[in-house]
Protein chains: 2
Amino acid sequence: MPKEKKYANLEFIMHPKSVAIVGASDNADKIGHIIMHNYIDEGYPGRIYPINIKSTGTIMGRKAYKSVLDVKAKIDLAVIAVPAEIVPAVLDECGKAGVKSAVVISGGFAEVGNVALQDELVRVAKKYAMPVIGPNCLGVMDPRSRVDTLFLPTFKIDKPSIGGVSFVSQSGAVGSSVLDMINSEGFGLARFISYGNAAVVDEVDILNYLMRDKETKVIIFYIEGAKRGKEFIEIAKKITKIKPVVIIKGGITEAGAGAAHSHTAALTGSAGAYEAVFRQFGFSIANDLKDLLNFAKVFETQPLTTGNRVAIITNGGGTGVLATDALYKNGLTLATLSKESEEELKKTMPSIVNVRLPLDLAGDADDKRFSEALSVMEKDENVDALIVIALFQTPGADSKLAASLIQFGTTMKKPMVVISMGGSYTQAHRTMMESSGVPVYSSPNEAADSLAALIDYSKYRKGIV
Amino acid sequence: MPKEKKYANLEFIMHPKSVAIVGASDNADKIGHIIMHNYIDEGYPGRIYPINIKSTGTIMGRKAYKSVLDVKAKIDLAVIAVPAEIVPAVLDECGKAGVKSAVVISGGFAEVGNVALQDELVRVAKKYAMPVIGPNCLGVMDPRSRVDTLFLPTFKIDKPSIGGVSFVSQSGAVGSSVLDMINSEGFGLARFISYGNAAVVDEVDILNYLMRDKETKVIIFYIEGAKRGKEFIEIAKKITKIKPVVIIKGGITEAGAGAAHSHTAALTGSAGAYEAVFRQFGFSIANDLKDLLNFAKVFETQPLTTGNRVAIITNGGGTGVLATDALYKNGLTLATLSKESEEELKKTMPSIVNVRLPLDLAGDADDKRFSEALSVMEKDENVDALIVIALFQTPGADSKLAASLIQFGTTMKKPMVVISMGGSYTQAHRTMMESSGVPVYSSPNEAADSLAALIDYSKYRKGIV
C-alpha cells in the first residue's frame, strides 16, 4: 500500500461525509451505542448508518442494516466495535462495499497474544488498500467535523474546544485522561488520534498527515514505540521544520519497556536510541504528561525566539527568586536591562522598587505598574522573552491586571508566559488569560521548562543547534 | 535572649487570648483594617484592641486606643501595621505595656537597605525579651485559634481547613499563593508562619516551636537563607527524627541567590552547602513549589515504609507504563508478586488481565476488580507500597471506586498513592478521596516523586541511609 494513498485516506477518517457504526445497538451499555450516541449528540452533519447483524428494524430511531453491504450508498468511514474474532470478516465486507476507511475500536489482538488475528486484519486492510486505525484504540475526535469515536461516557470527559493542538496517543488511557485535561488548560484541540496497536495506520502515517494538516499548529504525542524506524526518522526530519512536536515516550526504563510491550505489543527499542532521534530532529521531549499540556500552550500561542535572555517581572519577591533559579536550571539567563530601560523604570516606578531583574514590583503593584514595566521590556533589545509572575492574592491584582497581561501577551513580538498560583480567585483569572491566548502556569518550574522548550525549538528551526 | 524563652513565647503569637492591632482603621484600604476585619470575621474568641494614634472613639465599632499603654489590660499579641519609621517606638510602647509578643507586618527595613532601622527594632525586642515575627512579612494564621494577621482580601484566598501540615515561608508571596492552593490539594493546615526578614524570631526558633507542637505532623518550608548556621544544623538534626520537613530553598543558582538577597536581605550561602545539610539531616528536598504540596499530602496521611518494592495497579495501560518509568527514575522498583498472589489473581481476574505488575485491570475495571487486586497486594509481603492509577474516564470508574480506594488507602499498613488525571468529573472524585485522607496526584511523576520522598524519609528515620 503506497504511503501517499494512506495519507490521502486519513482525510476520510477525520472528515467523513458518511459513517457506518458496526456494532450499533439500542442497549446503552454497548460500545456501539455510546459511539452512535456521540455522533448524534454532537450534531455530526453527515449520514449515519447503524449496522448490527442482529438488527431487525431501527437502532436509536434510525434505519439499521445487518451489514455495510446492505447500505447501498457511499460510506467514508466504518467504526467497528464488535468482538475481535469477527473483525476481519466485518472489515472484508467493508472492503467489498467500497468503504473508504475504518477505525477498529475492538481489543483482543496482538496486545493479548492474538497475533494471527491481527495479521488477518492487516491482510484484509491491504487487500482493499484501506486505511485502518487500531485495533485496541479509542479512535479519533475532531471538534470541527464533529467526528468522535470515543466510547467513553460523555459526562466523564470535559470536551475540548476547537483549537490548533493535535494530540496523538498510542494509549487510549493516556489519550482520554489528557484529552479530559485540555479544557482546563485553556487551549483547543485540532485532532485527537488514539491509534492503539498501529496494525495498519502507524505513527509515520499519522505524522505525515498532521504535518500537512492546516488546522494542526502543534502536535503532542504519547508513543510507546515505532515499528518503522527508518521511515520514522524520515518524517521526524521533515515535520519539525514545519511545526513543533512535543513527545513523551512510555517505556524509557527497562521495566517500563516491558510493561509497554504487554500493553500495545510495541517494539520499544532502547530508550537512548529514541531520545537521540528525538533530540537530533528537534522534538520537544516531555518528561511528564503535564509537560505535554504545558508545552502545547506556549507553542500554540507565543512567537518563536532564539534568544535566551529572559526578563522576570513579579509582584512577589520569593516567587521571583524561584523563577530565577528555574531559568538557570533550564540553561536560560536573566536579561540585563539597557541603560534606557533602567532610566525609564526609575522614572515610573515607586522608590521601593529596585530597578533590576528579577523586577519586584512589590506587593501593592496594580495593572498600571505591570503595564509600565511590560512596555519597557517590550522595547528593550536586551530582553528576548518574559516571565510575568502575577499573584492574584495581593490587593492590587484583579481582572484589570489580567486584561493588561492579555494585551501584552497577545501582541508582543517576544514570547511571554505567566505564573499565577492559587485557588479559586486565581483560577478565574487564569481562565480569562488562557482563553485569550496567554499561557499561564502554576509553578515557576513549569513556566521556565515551557519557555525553554520554546527557545530550544526556535534554535532548532533556525539551525542554531 | 535565651532560646527557650523565645520558644515558649511563640505560644502567645499562635494562641493569644488578646490581640492589639496597631494601625487599625475604619478605612477599608488600610492594612490594619483588613487584619482587624479578619479577626472579627473568623470569630476570634479573644479580646481585640484596636490601636490608632489618630483615634478619637471607636474603630470598626470597638473602643479604640491611641496606644497600647492606654489599654490597661493584658495583651498577648500586638500586630503592628504602621509606617516602618515608627515601628521601633510602637514596639517600645508594647514592651512597656507588658505585651507578650508581636508580629510586625510593615516593610521598609533591611530589605530596602534600612539596616539601622531594623537594628533598632531588634534592640527594642531584646530589651523586653519579646518574640517578634517579621518585619516585612504576612505574619501568622492558625485555623484552630482563629489567629490571622494576613492583610490579603479574604475573597482572594481559599482558606485552608484545619489539619496537620504547618507551612513556614520566608516569603509572603510564596506564602500566600501556596496557602491559597492548600484547600484544593485536599489537606488541612496546622500553622502558617510567614516570617519575612527574620530580625528576631528566625528559622531556628520556628522549627524549635513546630518540633514540639502537637498539632504539627508535617512541616513544609520555603527558605531563602538561615542566619544562624550552627543552630540551624542543631535543630535540623533533632526535628527530622520526630517529624518530616519538606523544604525548598530559593536562590540555589547564583542569579537566584542575588535576587533572594535583595528580597529578604538573606545571607543565602552556597546552594551546595544547604543541600548537603538538608540531605544529611533527612529533610525532603522539594524541587518545585508543587512538591511542597505533593509531598505534604503523602506525609500527612500515609504510613512510613523502608521498602521500595512498589505494586502498580491501573485501569489504563499507558499510564501504568509511565508510572513504571517514574518509579525507576526515583530509584524505586516494581514489586514481584508472590506465587500465592499470582494464583489468587488468576482466580479472580478476567482472562484479559495479564497477572504481572504493573497490573493492568483493563478499561472495563470497576470497584470490585480494583478491590480484589488491592486485597491481594495488601497481603503480599513482596509489596511495600502501592500506586493505584484510577482513571475516571472509563465506564466502570465511579464514586464506588473512589469509596473502595478510600477504604484501602486509609486502613492499609502500606503507603498508597492514587493517580487520577482529568477534568471536572475526575476532580470531583479526587476531592472525595483527598478529603478522606487518600493522596491523589495528577501525573505519574508527581505520584512517584512523592512516594519516593516518603520512602527516603522512612529510611532516614530507621537509620538505613
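**Notes on the predicted model**

1. Ala129(B) sits in the loop between α4 (115–127) and β7 of chain B, and its phi is near 50°, a positive value in a residue other than glycine. In chain A, Ala129(A) likewise has a positive phi near 50°, lies in the loop between α4 (115–127) and β7 of that chain, and is exposed, with 12 other C-beta atoms within 10 Å.

2. In chain A the bond from Gly134(A) to Pro135(A) is cis, with omega near -5°, and Pro135(A) is placed in the loop between β7 (132–133) and β8 (139–142). In chain B a cis peptide bond joins Gly134(B) and Pro135(B), with omega about -5°, and Pro135(B) belongs to the loop between β7 (132–133) and β8 (139–142) of chain B.

3. Turning to the interface, 65 residues of chain A are in contact with 64 residues of chain B. On the chain A side, the elements that give two or more residues are α5 (172–185), α8 (254–264), α10 (289–301), α11 (317–329), α15 (424–435) and α16 (444–461), and the largest share, 10 residues, comes from α11(A). By class, this side of chain A has 26 nonpolar, 30 polar and nine charged residues.

4. How do α11(A) and α5(B) cross? Their axes come within 5 Å at an angle of roughly 90°, which makes α11(A) roughly perpendicular to α5(B). The residues that meet are Gly317(A), Gly318(A) and Thr319(A) from α11(A) and Ala173(B), Val174(B) and Ser177(B) from α5(B); by class, this contact has two nonpolar, four polar and no charged residues.

5. Within chain A, the axes of α10(A) and α16(A) come within 9 Å and cross at roughly 55°, and the two helices are therefore oblique to each other, in a right-handed crossing. Asp291(A), Asn294(A), Phe295(A), Val298(A) and Phe299(A) of α10(A) meet residues of α16(A) that include Glu446(A), Asp449(A) and Leu454(A), and the contact has, by class, six nonpolar, two polar and three charged residues.

6. Helix α2(B) (residues 31–41) has eight of its 11 residues buried, so it is largely enclosed by the rest of the structure. Among the buried residues are Ile31(B), His33(B), Asn38(B) and Tyr39(B), and what covers the buried residues includes β1 (18–22), β2 (47–51), β5 (77–80) and β9 (147–148) of chain B. The helix α2(B) is followed by Gly43(B), whose phi is positive, near 75°.

7. Leaving aside residues up to four places away in sequence, the contacts of Ile80(A) include Val22(A), Val87(A), Leu91(A), Val104(A) and Ser106(A).

8. Lastly, Ile419(B), in strand β19 (residues 416–419) of chain B, is buried, with 28 other C-beta atoms within 10 Å. Ile419(B) and Ala447(B) are 28 residues apart in sequence, yet their C-alpha atoms are 6.6 Å apart in space. Beyond residues up to four places away in sequence, Ile419(B) touches Thr319(B), Ala323(B), Ile387(B), Ile389(B), Tyr441(B), Pro444(B) and Ala447(B).

Definitions and conventions
Residues numbered from 1 in each chain as written. Chains lettered and ligands numbered in written order. Predicted model: local features only at pLDDT ≥ 70, side-chain atom pairs only at ≥ 80, totals over all residues. Contact = placed C-beta atoms within 7 Å. Helix = DSSP H or I, 4+ residues; strand = E, 2+ residues; numbered from the N terminus. Nonpolar A, V, L, I, M, F, W, Y, C, P; charged D, E, K, R; others polar. Axes fitted to C-alpha atoms, helices over the stretch in contact; angles between N-to-C directions. Parallel < 35°, antiparallel > 145°, perpendicular 65-115°, else oblique. Left-handed = near helix turned anticlockwise from the far one by under 90°. Buried ≥ 20, exposed ≤ 12 C-beta atoms within 10 Å, placed from the backbone.
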